[in-house]
Amino acid sequence: EAYMLRENGYDCKMGRRLEQAVEQVAALELKLAGDFGDDELAFDGAAKPGVVQAWRERFERVKGVQTMLGDQFQAVTDAFCGALESEAHHCSNHVRFVLCAKI
């Protein structure tokens, strides 16, 4: 996570800070916030058709992950995708949704 933030500007934990960030922007008003499941990002059980391929394509696009993993990139990608295909797969995180309006 620290590598992705430092090298690519990607904050894996931003979702939990979204509401606080919105409240600090004077021109925005928080209208709605909540958690929801997502067929690609936050689900239990085996992935639905197409999800594993979408993850493989995502890994190929994100060069920072390839750089970070180096020679282990393919093995990690295969293990990750294998876990998504398992009925035992469990996701303990969620997607955070925040709706704001400009005041």
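Biologist: In this predicted model, how does D35 count by its relative accessible area?
Modeller: D35 has a relative accessible area of 44%. Buried means under 20% and exposed means over 50%. The value for D35 lies in between, so D35 counts as partly exposed.

Biologist: Where does D35 lie, and which residues is D35 in contact with, leaving aside its neighbours within four places in sequence?
Modeller: D35 lies in strand β1. With those neighbours left aside, the contacts of D35 are H94, V95 and R96.

Biologist: What distance separates the C-alpha atoms of D35 and Q66?
Modeller: D35 and Q66 are 31 residues apart along the chain. Their C-alpha atoms are separated by 30 Å.

Biologist: What separates the C-alpha atoms of Q53 and C81?
Modeller: Q53 has its place in helix α3 and counts as partly exposed, at 43% relative accessibility. Along the chain, Q53 and C81 are 28 residues apart. The separation of their C-alpha atoms is 8.4 Å.

Biologist: Are helices α3 and α5 roughly parallel or roughly antiparallel to each other?
Modeller: The axes of α3 (residues 51–61) and α5 (residues 73–84) come within 10 Å and cross at roughly 155°. Angles over 145 degrees count as roughly antiparallel. The two helices are therefore roughly antiparallel.

Biologist: Which residues in α5 do residues of α3 meet?
Modeller: α3 passes α5 in a right-handed crossing. By class, their contact has seven nonpolar, two polar and three charged residues. From α3, the residues involved are V52, W55, R56, F59 and E60. In α5 they meet F73, Q74, T77, D78, F80, C81 and L84.

Biologist: Why are the buried residues of α3 on the same side of the helix?
Modeller: The buried residues in α3 are V51, V52, A54, W55 and F59. They are on the same side because they cover an arc around the axis of only 155°.

Biologist: What do the buried residues of α3 pack against?
Modeller: V52, W55 and F59 are among the buried residues of α3, and these three also meet residues in α5. The buried residues pack against two helices, α4 (63–69) and α5.

Biologist: Is F43 buried or exposed?
Modeller: F43 has its place in the loop between β1 (28–36) and α3. Its relative accessibility is 12%, and the cut-off for buried is under 20%. F43 therefore counts as buried.

Biologist: Which residues is F43 in contact with, leaving aside its neighbours within four places in sequence?
Modeller: L30 is 13 residues from F43 along the chain, and their C-alpha atoms are separated by 27 Å. The contacts of F43, with those neighbours left aside, are D38, V51, L84, H89, H90 and C91.

Biologist: Is H89 buried or exposed?
Modeller: H89 is found in the loop between α5 and β2 (95–102). Leaving aside neighbours within four places in sequence, H89 is in contact with F43, D44, G45, A83 and L84. At 16% relative accessibility, H89 counts as buried.

Biologist: Which residues does E19 touch, not counting residues up to four places away in sequence?
Modeller: E19 lies in helix α2 (residues 18–23) and counts as partly exposed, at 26% relative accessibility. The C-alpha atoms of E19 and E29, 10 residues apart along the chain, are separated by 9.9 Å. Not counting residues up to four places away, E19 touches L30, A33, R96 and V98.

Note on methods
Residues numbered from 1 in each chain as written. Predicted model: local features only at pLDDT ≥ 70, side-chain atom pairs only at ≥ 80, totals over all residues. Heavy atoms only, no water. Axes fitted to C-alpha atoms, helices over the stretch in contact; angles between N-to-C directions. Helix = DSSP H or I, 4+ residues; strand = E, 2+ residues; numbered from the N terminus. Parallel < 35°, antiparallel > 145°, perpendicular 65-115°, else oblique. Left-handed = near helix turned anticlockwise from the far one by under 90°. Contact = heavy atoms within 4.5 Å. Nonpolar A, V, L, I, M, F, W, Y, C, P; charged D, E, K, R; others polar. Buried < 20%, exposed > 50% of the residue type's maximum accessible area, 1.4 Å probe, protein only. Arc of directions from axis to C-beta.
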